[in-house]
Amino acid sequence: MTVTASGGSGAANSIRQVAVVIPAHNEEQHLKRALTAARAAADRAESELTGVRVQVVVVLDSCTDGSAAVAAVFAAEDPRYMVLPVDFRSVGKSRQAGAEAALENATRRSPAGGSTAGSSLRHVWLANTDADSCVPENWLVRQLELAAGGADVVLGSVEPDGHGMPHHLAARWHARHVPTENHPHVYGANLGVRASSYLAAGGFPGVDFDEDRALVDRLRGSGASMVATDTTRVLTSGRTVGRAPRGFAAYLLALAQP
């Protein structure tokens, strides 16, 4: 399927602008790799999909390590990167702020300018991942293919990075997470949503955990069209001490228990 900015297959649903939103709290160890992977996905999307433009919003939430310096290098080298410092200590509020900033930029960059209406936001895509995660190069291209086919939400899969991960934990993960299409999982590290659907559902709630599940519940309630796929699998940190309470690291820690 070819996705175009206008005309061609899926024109009514096609995406013209993409905003990648990445919240970070003291992620200097992983952030460079995460931003490098996001750039590769953005480059591929812009080269393969006619008329598509990508921005990357890095939300630095109360960072006291070298995360800001890492993000600043990318912003200095690539105008598509925007750094947004906040002081929430909340992944839900960070994602919320990143999405708001991204949509404000998208509105400003739209041909309709500040008068961009809901119909135009149908052609804007919010792609969410995490600062300890590495998206595949086809990440955005595949999401936009699915969007052109009518999906308002793309629920991607993740796989923990086995480097440094105890063997028994990796084995338990793979035993419980067989890669498949139409999977039942929700991961903030791999979640794409049409901007018009995001706003109609009320967006991310400003909570400290499970903001991804809450958003998807809201989207289901609003009637958004969803696709769950393993074709955009994201590699995420296999650590068991994370940044958000009850986040992915906490899940891995629980999985490690006898």
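Glu211 has a relative accessibility of 4%, so this residue counts as buried. In this predicted model, Glu211 has a charged partner: Arg95 forms a salt bridge with Glu211, and the closest N and O atoms are 2.8 Å apart. Because Arg95 lies in helix H3 and Glu211 in helix H8 (residues 211–222), the pair ties together parts that are 116 residues apart in sequence. Arg95 is buried too, with a relative accessible area of 2%.

Leaving aside neighbours within four places in sequence, Asn128 is in contact with residues including Val21, Arg95, Trp139, Asn190 and Phe204. Asn128 is itself buried, at a relative accessible area of 1%.

From here, move to the open sheet, where 3 strands run in the order S5-S10-S7 with mixed pairing. Strand S5 (133–134) and strand S7 (158–160) stand at the edges with a single partner strand each, so one side of each has no neighbour in the sheet. S7 pairs with strand S10 (residues 234–236) in the parallel sense over 3 bridges, and Val158 has Val234 as its bridge partner in S10. A salt bridge is found here as well: Arg233 joins Glu159, the closest N and O atoms being 3.1 Å apart. Arg233 sits in the loop between strand S9 (226–228) and S10, and Glu159 in strand S7, 74 residues apart. Arg233 is partly exposed at 31% relative accessibility, and Glu159 is partly exposed at 23%.

Next comes helix H2 (residues 67–77), whose buried residues are Ser67, Val70, Ala71 and Phe74. Seen down the axis of H2, these buried residues fall within an arc of 95°, so they line one face of the helix. The spacing follows a general rule: an α-helix has 3.6 residues a turn, so residues three or four places apart point the same way. On the other side of H2, Ala69 and Ala76 are exposed. The cover over the buried residues of H2 includes helix H1 (31–48), strand S2 (53–61) and strand S3 (81–86).

To finish, a wider view. The whole structure holds 18 salt bridges, and Asp43, Glu46, Asp78 and Arg80 are linked in a network of them. Mean pLDDT is 90, with 91% of residues reaching 70 or more, but pLDDT stays under 50 over residues 1–8.

Notes:
Residues are numbered from 1 along each chain as its sequence is written. This is a predicted model: local features need pLDDT of at least 70, side-chain atom pairs count only at pLDDT 80 or more; totals for chains, interfaces and linings use all residues. Side-chain values use heavy atoms; hydrogens and water are left out. Buried means under 20% relative accessible area, exposed over 50%, partly exposed in between (1.4 Å probe, protein chains only). Contact means heavy atoms within 4.5 Å. pLDDT is the predictor's confidence in each residue, from 0 to 100. Helices (H or I, at least four residues) and strands (E, at least two) are DSSP runs, numbered from the N terminus. The arc is that of the directions from the helix axis to the C-beta atoms. Two strands pair if DSSP finds at least two bridges between them. A salt bridge is a side-chain nitrogen of Lys or Arg within 4 Å of a carboxyl oxygen of Asp or Glu.
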